[in-house]
Amino acid sequence: MLTDAPPRNSNLAGFRESDRLTRLDLPDDASLPAIAKSIESAMKAEQIARVRSACAEFLKAALQFYRVPDCSVRVLASRPLRVREQWTTELFGDYAPETMVIRVWMRTAVRKEITSFGTFLSTLCHEFCHHLDYRKFGFADSWHTRGFYERAAMLYHHARGTPLKHLVWVPISGGRWRIDWPRMNRSAGG
Ligand SMILES: [Zn+2]
């Protein structure tokens, strides 16, 4: 995971705010984890219609909790050739702010390998967090800041029912950050 470079224009204040916003309110019930489980079993059975309806249900529950305008989700069998997200790390989904449509796909483009459940759910949460950036937090853009990844990770670990790992960052050039995996894995193991 790699953050975007800070913008050079008037959006810099919003970017910094997104970077600092490292927490996301989470539901205190188990509805999202329960729906995530049904996504997992539908994926295992390779029943795309069930995956679709479970994803729509997941989104509906999340929209209600965060009180944001509706967005919709399209689950595609495989990755489309043209992908909106410009970040090369995003191979599994995208979000269009104008139409408020999330797309996630079950197979990668080239080798047609099935996306793992963890990656699929993480992508769904990631794209939903783009929706929250525009519609809940009112950011002018939805940058991949450290705060963004923290918020997406909180939602993902809540939905997956796994303990939240704090992300450990190291600075790289251009004001960007990347995850320090060796340090994260050490702290998880220790
Ligand atoms: Zn993204």
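Two residues are taken to be in contact if their C-beta atoms, placed from the backbone, lie within 7 Å. The structure described here is a predicted model. By this criterion, helix α2 meets helix α5 through L32, P33 and A36 on the α2 side and H158, A159 and R160 on the α5 side. Of the residues in this contact, four are nonpolar, one is polar and one is charged. Helix α2 comprises residues 31-44 and helix α5 residues 146-160. The two helices pack with their axes 7 Å apart, at an angle of about 75°. Since angles of 65 to 115 degrees count as roughly perpendicular, α2 and α5 are therefore roughly perpendicular to each other.

The model also contains an open sheet of three strands, arranged in the order β1-β3-β2 with mixed pairing. Strands β1 (72-76) and β2 (93-96) lie at the edges; each has a single partner strand, so one side of each is left without a neighbour in the sheet. From one strand to the next, the twist averages 15°. Strand β3 (residues 101-105) runs parallel to β1, and five bridges join the two. Within this pairing, S72 has V101 in β3 as its bridge partner.

Helix α4 packs on the sheet, where it touches β2 and β3. The direction of α4 makes about 15° with that of β2. Helix α4 covers residues 117-135, and its 19 residues should span 27 Å at 1.5 Å a residue; the end C-alpha atoms are 27 Å apart, which agrees with this expectation. Of these 19 residues, 14 are buried, so α4 is largely enclosed by the rest of the structure.

Conventions. Residues numbered from 1 in each chain as written. Predicted model: local features only at pLDDT ≥ 70, side-chain atom pairs only at ≥ 80, totals over all residues. Helix = DSSP H or I, 4+ residues; strand = E, 2+ residues; numbered from the N terminus. Expected span 1.5 Å × (residues − 1). Buried ≥ 20, exposed ≤ 12 C-beta atoms within 10 Å, placed from the backbone. Axes fitted to C-alpha atoms, helices over the stretch in contact; angles between N-to-C directions. Parallel < 35°, antiparallel > 145°, perpendicular 65-115°, else oblique. Nonpolar A, V, L, I, M, F, W, Y, C, P; charged D, E, K, R; others polar. Pairing = 2+ DSSP bridges.
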